[in-house]
Amino acid sequence: QCASFDAPLNYAEPDGPTVTIKMLKSPAKDPTKRLGSLVVNPGGPGGSGYEFAQYASGTISPAVMAQYDVVGFDPRGVARSTPIKCLDGPETDKFISTLGAPANAEQQRRVEQVSKGLGTNCQAKSPALTPQIGTVAAARDLDILRNLLREEQLNFLGISYGTFLGLTYADLFSDRVGKFVLDELAVVSALFGESYLKTFILLSYFLVHNRVHNRLDLLNRRN
């Protein structure tokens, strides 16, 4: 079951322009034992929660699938939701060809060269959306979703970066935290600062929107 909802582009201007968030629900397999909704985020940042929920039975146990509606959403900037645009086709090809851990100084120089203009390109091609992409905005979108699901408290499964999203939600809405499963400690912000995390989020969202995330994951596993 798929649907969409609108969220403020800028939460400081709640009556201003909006973004569209796409979501998908896999209903509980045993309605007689249903306990509520479980919202999922597969990480990334920029992973498709929509697709994760669609194929949740490959990750989530049958016992949980029987008792919970598994709900996933594509965060703002990602895939089916309002997408971010940063690079054109040739620019994307050049960027992808230089991804990976540099093995020498020349490879390091190339990675830095193609990476330098990413934020500028995002701002130029998605000037309204770029400043409004981030973990706090995603957490606020998550609370709108909780309300639409008619849940007083959010039940949440966060994988990888989804851990950071879950922690951010708990910090903003501590009285609305239900059952949370967070699978790893998110340390990107603590180690590198919010500016590094912001750049990482923009890059990840753009790559997922352009349908190359699975290719990168495959390359990482091979390496």
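Is Ser115 buried, partly exposed or exposed? With a relative accessibility of 31%, Ser115 counts as partly exposed, where buried means under 20% relative accessible area, exposed over 50%, and partly exposed in between (1.4 Å probe, protein chains only). Ser115 lies in helix α4, residues 105-115. Helices (H or I, at least four residues) and strands (E, at least two) are DSSP runs, numbered from the N terminus. The C-alpha atoms of Ser115 and Thr98 are 9.3 Å apart, the two residues being separated by 17 residues along the chain.

The model is predicted: local features need pLDDT of at least 70 and side-chain atom pairs count only at pLDDT 80 or more, while totals for chains, interfaces and linings use all residues. Residues are numbered from 1 along each chain as its sequence is written, and side-chain values use heavy atoms, with hydrogens and water left out.

The secondary structure of the chain amounts to ten helices and six strands. Of the 223 residues in the chain, 42% are buried. Contact is defined as heavy atoms within 4.5 Å. Among contacts between residues at least 6 apart in sequence, 70% join residues at least 24 apart.

Strand pairing was assigned where DSSP finds at least two bridges between two strands. Strand β3 (residues 36-41) is mostly covered, with six of its six residues buried. β3 pairs with β4 in the parallel sense over five bridges, and Gly36 stands opposite Tyr68 in β4. β3 also runs parallel to β5, to which three bridges join it; here Val40 stands opposite Leu157 in β5. β5 in turn pairs with strand β6 (residues 177-182), in the parallel sense and over four bridges. Gly158 has Leu182 in β6 as its bridge partner. From β5 the chain crosses through α7 to β6, and this β-α-β crossover is right-handed, meaning that, with the strands pointing away from the viewer, the path from the first strand over the helix to the second runs clockwise.

A nonpolar core is taken as a set of buried Ala, Val, Leu, Ile, Met, Phe, Trp, Tyr and Cys residues joined through side-chain atoms within 4.5 Å. The largest such core has 28 residues, and Met23, Val39, Phe73, Leu142 and Leu145 have the most contacts inside it. At least two residues of this core come from each of β1 (2-8), β2 (18-26), β4, α5, α6 (135-148), β5 (154-158) and α7 (162-172). α6 supplies the largest share, four residues. A second, separate core has twelve residues, including Leu38, Phe52, Met65 and Leu157. In soluble globular proteins, nonpolar side chains tend to be buried together. With neighbours within four places in sequence left aside, the contacts of Met23 include Phe5, Tyr50, Val71, Phe73, Leu145 and Leu149.

Helix α6 has 14 residues and reaches 20 Å from its first C-alpha to its last, close to the expected 20 Å at 1.5 Å a residue; the expected span is 1.5 Å times one less than the number of residues. Its buried residues include Thr135, Ala138, Asp141, Leu142, Leu145 and Arg146. Leu142, found in α6, is buried with a relative accessible area of 0%. Not counting residues up to four places away in sequence, Leu142 touches Val39, Phe73, Leu154, Phe156, Leu165 and Tyr169. The C-alpha atoms of Leu142 and Gly166, 24 residues apart along the chain, are separated by 9.5 Å. Asp141, also in α6, counts as buried at 1% relative accessibility. Leaving aside neighbours within four places in sequence, Asp141 is in contact with Phe5, Ala7, Tyr11, Ile21 and Arg76. Just after α6, Arg150 takes a positive phi of about 60°.

The structure holds one disulfide, defined as a pair of cysteine sulfur atoms within 2.5 Å. This disulfide is formed by Cys86 and Cys122, with their sulfur atoms 2.0 Å apart. The link is right-handed, with 100° about the S-S bond. Cys86 lies in the loop between β4 (68-73) and α3 (89-97) and Cys122 in helix α5 (residues 118-125), so the pair ties together parts that are 36 residues apart in sequence. Cys86 is buried, at 0% relative accessible area, and Cys122 is likewise buried at 0%. Cys2, by contrast, counts as exposed at 56% relative accessibility.
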